[in-house]
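I opened this entry to keep track of what I looked up, one item at a time. My notes follow the order in which I checked things.

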Amino acid sequence: MGNQIDIVESMGIPSGGNFRGDCPFCFHKNSFSVSRQDGRLMWYCFFADCSAKGNTIYEPSAQEIFTQARSGYRHASGQDYRHHVSGRVSGYKVPSSFINVRQSDKCVKYLYDNNSYEAYKLDLCDIVYDKSLDRCVFLVKNGSYIEGAVGRALGNFKPKWYMYDSSAYPFICGKGKEGILVEDCPSACVIGAAGLSGVALLGTSIKPSYMDILLGLYESLVVALDRDATNKALDMARELSYYIPTTVRILERDLKHYTVSEAKEILE
Ligand SMILES: [Zn+2]
């Protein structure tokens, strides 16, 4: 715990502050929580395979406060810590059964088979393995907050997709001013790895709560569904185009069945 104290103290968490962000020990994204209350500094990492956890009595000296205030701690993600300081630490608690994808050959194979490994490798989204439910889990995020998770069964059991909560947010992979709406998370990963922004609807309709999010993030939308869902795609695009420029792309196959370079060609 000794080394951890130095690192956590150097973060300069203000008194009464809660910070949620990338773990400085295992480098998992957004799994690390630290707070400073009543002269105590407490921290832990949500990932089961990480040993970051502890607390210490901490009252920084006047000099430390001055140095920290002047340097202004910036998180590794590039975001100023002040964005994280709020009464709400997170919308969703990551269960301890979520472990690194690389600890499950089945999970890695699923990602390869669905052309999603590249997005994972490029760190465009957070994917973990749920060892208790045997699922490949895509974390649903709102900026750096984890809002929920969606897990794909890695065997022949139901449901095929499991929602870990009733997240009001869609799963998004990649950045851009144009949002490409697809049915599921691996399809969004293919788009993210192709350098665009993929939004998984987690179904073939738009949840009302997604609207504000989509309008806040994008200047235009593309509904990209496969042939089976043509009518739904057209209906959806018609509805969306009242609010934001929207076009439709009908695909021969689900996007997750295209390689990243094939997807690039199709979507350009
Ligand atoms: Zn950690």
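I began with S187. I found S187 in helix 5.

Is S187 buried or exposed? I counted 32 C-beta neighbours inside 10 Å, so S187 is buried. The cut-off for buried is 20 or more.

Next I listed what S187 touches, leaving out residues up to four places away in sequence. The contacts are V182, G198, A200, D254, L255 and K256. I also looked up the distance to N115.

N115 sits in the loop between helix 3 and helix 4 (117-121). Its phi is positive, about 50 degrees, although N115 is not a glycine. N115 has 23 C-beta neighbours inside 10 Å and therefore counts as buried.

I then looked at D123, in the loop between helix 4 and strand 6. D123 also has a positive phi without being a glycine, near 65 degrees. Is D123 buried or exposed? D123 is exposed, because 8 other C-beta atoms lie within 10 Å.

Core next. The largest nonpolar core holds 67 residues. Which of them touch the most other members? I noted V137, F171, V182, A188 and I191. V182 is also on the contact list of S187. Helix 5 gives the largest share of this core, six residues. Domain 1 (2-83) and domain 2 (98-125 + 167-267) both contribute residues, so the core lies between them.

I followed up V137. Beyond residues up to four places away in sequence, V137 touches F98, I127, V128, Y129, D130, A149, V150 and G151.

Five strands form an open sheet, in the order 5-6-7-8-9, with antiparallel pairing. Which strands are at the edges? They are strand 5 (98-100) and strand 9 (161-163), each pairing on one side only. On average, neighbouring strands are turned by 40 degrees against each other, direction ignored. Helix 3 (residues 105-113) packs on this sheet. I found helix 3 touching strand 6 (127-130), strand 7 (135-142) and strand 8. The direction of helix 3 makes about 65 degrees with that of strand 7.

I took a closer look at strand 8 (residues 145-153) and strand 9. They pair in the antiparallel sense over three bridges. In strand 9, W161 is the bridge partner of R152. The loop between these two strands contains P159. The peptide bond from K158 to P159 is cis, with omega near -5 degrees.

Last, I went back to confidence. The protein chain averages a pLDDT of 82, and 87% of the residues score at least 70. Over residues 66-90 the pLDDT is below 50. Beyond near neighbours in sequence, that stretch has 30 contacts in the model. Where pLDDT is low, the predicted coordinates should not be read in detail.

Definitions and conventions:
Residues are numbered from 1 along each chain as its sequence is written. This is a predicted model: local features need pLDDT of at least 70, side-chain atom pairs count only at pLDDT 80 or more; totals for chains, interfaces and linings use all residues. pLDDT is the predictor's confidence in each residue, from 0 to 100. Two residues are in contact if their C-beta atoms, placed from the backbone, lie within 7 Å. Two strands pair if DSSP finds at least two bridges between them. Helices (H or I, at least four residues) and strands (E, at least two) are DSSP runs, numbered from the N terminus. Axes are lines fitted to C-alpha atoms, for helices over the stretch in contact, and angles run from 0 to 180 degrees between N-to-C directions. A residue is buried if 20 or more other C-beta atoms lie within 10 Å of its own, exposed if 12 or fewer, and partly exposed in between; C-beta atoms are placed from the backbone. A nonpolar core is a set of buried Ala, Val, Leu, Ile, Met, Phe, Trp, Tyr and Cys residues joined through C-beta atoms within 7 Å. Domain bounds come from an automatic or database domain assignment.
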